[in-house]
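I opened this structure to look up a few things about its helices, its core and its charged side chains. My entries follow in the order in which I made them.

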Amino acid sequence: HYATSIELNPHDPNPHTNLGALLLGRSPRAAFACFRRALTLDPYHPAGWLNAGRLLLEVGRPRAARSLLARAPACVLEDPEVLEVREELDYHNEGS
């Protein structure tokens, strides 16, 4: 379904983000590529930033997640779910 949605709406970041979420358990690299594509299409897409940051955190790359979110637009950083990931990163930083 997501591939069809991407084909029909190639400039919509949502199907890319949704496909990435579907691929999380199977292929983190492919999921991350979907999130990056969503952000290429819309750099203000909170779900793309959120999911890419969470994925990096979950695969044990908190420094990469921190670096990624540091490049997010200010309005995205105000999103409650993105703030939650940033707090997780702060907690992770304190624990290391």
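In which helix is the place of Asn93? I found Asn93 in helix 7, and I kept in mind throughout that I was reading a predicted model.

From Pro28 to Glu7 I noted 22 Å, C-alpha to C-alpha, for a separation of 21 residues in sequence.

Next I turned to the core. The largest nonpolar core holds 20 residues, and I listed Trp49, Leu68, Leu69, Val82 and Leu89 as those with the most contacts inside it. Two or more residues of this core come from each of helix 3 (28–41), helix 4 (46–58), helix 5 (62–70), helix 6 (74–77) and helix 7. I marked helix 4 as the element that gives the most, with six residues. As a general remark beside this entry, I wrote that nonpolar side chains tend to be buried together in soluble globular proteins.

How many salt bridges does the structure hold? I found one, in which the side chains of Arg54 and Glu84 meet at 3.5 Å, N to O. Arg54 lies in helix 4 and Glu84 in helix 7, so this pair ties together parts that are 30 residues apart in sequence. I also checked the exposure of both partners: Arg54 counts as partly exposed because its relative accessibility is 23%, and Glu84 is partly exposed with a relative accessible area of 41%.

My last entry concerns charge on the surface. Which residues gather in a patch of negative charge there? I wrote down Glu58, Glu87, Glu88 and Asp90, and I noted that helix 7 (residues 80–95) supplies the largest share of this negative patch, three residues. Buried means under 20% relative accessible area and exposed means over 50%, so Glu88, at 34% relative accessibility, counts as partly exposed.

Terms used: Residues are numbered from 1 along each chain as its sequence is written. This is a predicted model: local features need pLDDT of at least 70, side-chain atom pairs count only at pLDDT 80 or more; totals for chains, interfaces and linings use all residues. Side-chain values use heavy atoms; hydrogens and water are left out. Patches are made of residues with over 30% relative accessible area and no salt bridge: like charges are joined within 9 Å, nonpolar side chains (Val, Leu, Ile, Met, Phe, Trp, Tyr) within 5 Å. Accessible areas come from the Shrake-Rupley method with a 1.4 Å probe; for residues, only the protein chains shown count as cover. A salt bridge is a side-chain nitrogen of Lys or Arg within 4 Å of a carboxyl oxygen of Asp or Glu. Lys and Arg count as positive and Asp and Glu as negative; His and the chain ends are not counted. The place of a charge is taken as NZ of Lys, CZ of Arg, CG of Asp or CD of Glu. Helices (H or I, at least four residues) and strands (E, at least two) are DSSP runs, numbered from the N terminus. Buried means under 20% relative accessible area, exposed over 50%, partly exposed in between (1.4 Å probe, protein chains only). A nonpolar core is a set of buried Ala, Val, Leu, Ile, Met, Phe, Trp, Tyr and Cys residues joined through side-chain atoms within 4.5 Å.
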